[in-house]
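Here's a quick tour of one protein model, written for someone just getting started. Have a look at the structure first, then read on.

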Amino acid sequence: MRWEDFRSSDNVEDRRGAGGGFQMPGGRGGLGIGTIIIVGIIGWALGINPAILIGGLDAITGGGGGPSYQQSAPQQQQQTRSAPPSDELGRFASAVLAQTEDVWTELFRADGKTYQEPKLVLFSGATRSACGGAQSAMGPFYCPLDQKVYLDLTFFQEMKNRFRAPGDFAAAYVISHEVGHHVENLIGILPKVQQAQARAGSRAEANDLSVRVELMADCLAGVWAYHANARFRILEPGDVEEALGAATAIGDDTLQKRSQGYAVPDSFTHGTSQQRVSWFTRGLKSGSMQQCNTFQ
């Protein structure tokens, strides 16, 4: 993936400790997947009790089937660097975020709307979000209360080593997926889903809504890739395969079978590997937000 010669975003909060300096994990540059509705995918993958993964679980399901966003009490934040990231992986994340800004600003403008750029918070280990605590084990996620994406960059090493999904475009897919949730928030999808989940008659029904949100974000990530490539020529041979490999590796069925030997469809919150690949591909081929309606 070409990214080194593109601009960096001004919307990065670097809360990591001194140092950093990660290299791109695999690919030519060197999930859950996290989202607003993290209800155990990363827990299954990493062998962690999903109940302890704060943020996505309580943010959407409220522990009882309905949304329960609550503003966290102010706590001391990790120190935020004022200078842009200087390490390779930090610069990569900043460049990908900038490309999402350019693409979505133009797409919103074409629809007569104004795109509000999200912040990307880089942290190490743990930090605070308006949706609660953010921990590395949760994977990347989007918090609609502060409109920020939270990311510990060591997750990309986990993608390479644990999920067998290396590569810079696979990492870009993760970031663009989380930005896809921000787009869903701006166009009103997330609030409607929260209300629908509050009325859901069962956990399976609430989970189905979560799956639709996740698959839509996958499709929107594909839409971003379509327009970013048309505008910046970012794709190189093998890049699409990297993203599809990541989408396959983080399907609910694949992760559950890896962790417990079998899959429980009613517990799916992100979609199967085939669904994730299909919806990302749909966005990538069409470049159209209108093709990403998973609620039809």
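Predicted model: local features only at pLDDT ≥ 70, side-chain atom pairs only at ≥ 80, totals over all residues.

Residues are numbered from 1 along each chain as its sequence is written, and side-chain values use heavy atoms, with hydrogens and water left out.

**Disulfides**

- A disulfide is a covalent bond between the sulfur atoms of two cysteines.
- Searching the whole structure turns up two disulfides, where the cut-off is a pair of cysteine sulfur atoms within 2.5 Å.
- One of them joins Cys 131 and Cys 143, with the sulfur atoms 2.1 Å apart.
- That pair links distant parts of the chain, 12 residues apart: Cys 131 is in the loop between strand E3 (126-129) and strand E4 (132-135), and Cys 143 is in strand E5 (residues 141-143). Helices (H or I, at least four residues) and strands (E, at least two) are DSSP runs, numbered from the N terminus.
- The link of Cys 131 and Cys 143 is right-handed, with 90 degrees about the S-S bond.
- Cys 131 counts as buried because its relative accessibility is 12%, and Cys 143 counts as buried because its value is 0%. Here, buried means under 20% relative accessible area, exposed over 50%, and partly exposed in between (1.4 Å probe, protein chains only).
- Cys 219 and Cys 292 make a disulfide too, and their sulfur atoms are 2.1 Å apart.
- Cys 219 lies in helix H7 and Cys 292 in the segment after H10, so this pair ties together parts that are 73 residues apart in sequence.
- The torsion about the S-S bond of Cys 219 and Cys 292 is about -70 degrees, so that disulfide is left-handed.
- Both Cys 219 and Cys 292 are buried.
- If you count bonded cysteines along the chain, the disulfide pattern is 1-2, 3-4.

**Helix H10**

- The expected span is 1.5 Å times one less than the number of residues.
- The buried residues of H10 are Ser 273, Arg 276, Val 277, Trp 279, Phe 280, Thr 281, Gly 283 and Leu 284.
- Covering those buried residues are parts that include helix H5 (168-186), helix H7 (203-232), helix H8 (239-249) and helix H9 (252-260).
- Just after H10 comes Gly 287, with a positive phi of about 65 degrees.

**Helix H5**

- H5 has 19 residues and reaches 27 Å from its first C-alpha to its last, close to the 27 Å expected at 1.5 Å a residue.
- Of the 19 residues of H5, 18 are buried, so this helix is largely enclosed by the rest of the structure.

**The largest pocket**

- The largest pocket holds about 320 Å³ of space. A pocket is an open set of points on a 1 Å grid over the protein atoms alone, where a 1.4 Å probe fits, with protein on both sides within 12 Å along at least five of seven lines; lining residues have an atom within 4 Å of a point.
- Of the 15 lining residues, the closest to the centre are Asp 111, Lys 113, Ile 187, Met 289 and Gln 290.
- H7 gives the most to the lining, with three residues.

- Most residues other than glycine have a negative phi.
- Gln 147 has a positive phi near 55 degrees without being a glycine, and is found in the loop between E5 and strand E6 (148-151).
- Gln 147 counts as partly exposed because its relative accessibility is 24%.
- Arg 233 isn't a glycine either, yet has a positive phi of about 55 degrees; this residue sits in the loop between H7 and H8.
- Arg 233 is exposed, with a relative accessible area of 56%.

Notes. Contact = heavy atoms within 4.5 Å. Points joined across faces, edges and corners; volume = space filled by probe spheres on them.
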